[in-house]
Amino acid sequence: MSVLEIIIGAVVLLISVVLIIICMMQEQKPQNATAALTGASNDSFYDKNRGRTKEARLKKITFICSVAFFVLILFMDIVMPLLTK
């Protein structure tokens, strides 16, 4: 195992732990059956400013970490075997 594989493996492990923690921190949105059937929406001040809330920040961090995780896994699977030859 090369040093690069160890470093990337540690980064992947760190990102996976961060993803788990962030996903556990996010609140579940209740699924109301009547709202789904009637098409009701919540157009409140809170919903209009959702981009500045804690949930929005957690969603952005989750997206960034998941993309980084995906790219690193693909790098390890596709590029690393070519570099070790």
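The points below concern the fold, the helix packing and a few individual residues of a predicted model.

1. Overall make-up. The secondary structure of this predicted chain amounts to 4 helices and 0 strands, and reading along the sequence gives the pattern α-α-α-α.

2. Burial and surface. The chain has 85 residues, of which 15% count as buried. Its accessible surface comes to about 7100 Å², and carbon and sulfur atoms account for 70% of that surface.

3. Geometry of the α1 and α4 pair. Two packed helices are described by the angle between their axes together with the distance between those axes. Helix α1 covers residues 3–25 and helix α4 covers residues 54–84; the two pack at an angle of about 155 degrees, and their axes are 9 Å apart. Since angles over 145 degrees count as roughly antiparallel, α1 and α4 are therefore roughly antiparallel to each other. The crossing of these two helices is left-handed, and their contact comprises, by class, 21 nonpolar, 5 polar and 2 charged residues.

4. Thr62, a buried position. Thr62 belongs to helix α4, and with a relative accessibility of 15% it counts as buried, because the cut-off for that class is under 20%. When its neighbours within four places in sequence are left aside, Thr62 is in contact with Leu19, Ile22, Cys23 and Gln26.

5. Leu14, an exposed position. Leu14 lies in helix α1, and its relative accessible area of 57% makes it exposed, the threshold for that class being over 50%. Leu14 and Phe69 are separated by 55 residues in sequence, while their C-alpha atoms are 9.6 Å apart in space.

6. Thr84 and Met1. Thr84 is placed in helix α4 and, at 52% relative accessibility, counts as exposed. Although Thr84 and Met1 are 83 residues apart in sequence, the distance between them in space is 9.4 Å, taken from C-alpha to C-alpha.

Notes: Residues are numbered from 1 along each chain as its sequence is written. This is a predicted model: local features need pLDDT of at least 70, side-chain atom pairs count only at pLDDT 80 or more; totals for chains, interfaces and linings use all residues. Side-chain values use heavy atoms; hydrogens and water are left out. Axes are lines fitted to C-alpha atoms, for helices over the stretch in contact, and angles run from 0 to 180 degrees between N-to-C directions. Angles under 35 degrees count as roughly parallel, over 145 as roughly antiparallel, 65 to 115 as roughly perpendicular and the rest as oblique. A crossing is left-handed if the near helix is turned anticlockwise from the far one by less than a right angle, and right-handed if clockwise. Ala, Val, Leu, Ile, Met, Phe, Trp, Tyr, Cys and Pro count as nonpolar, Asp, Glu, Lys and Arg as charged, and the others, Gly among them, as polar. Buried means under 20% relative accessible area, exposed over 50%, partly exposed in between (1.4 Å probe, protein chains only). Accessible areas come from the Shrake-Rupley method with a 1.4 Å probe; for residues, only the protein chains shown count as cover. Contact means heavy atoms within 4.5 Å.
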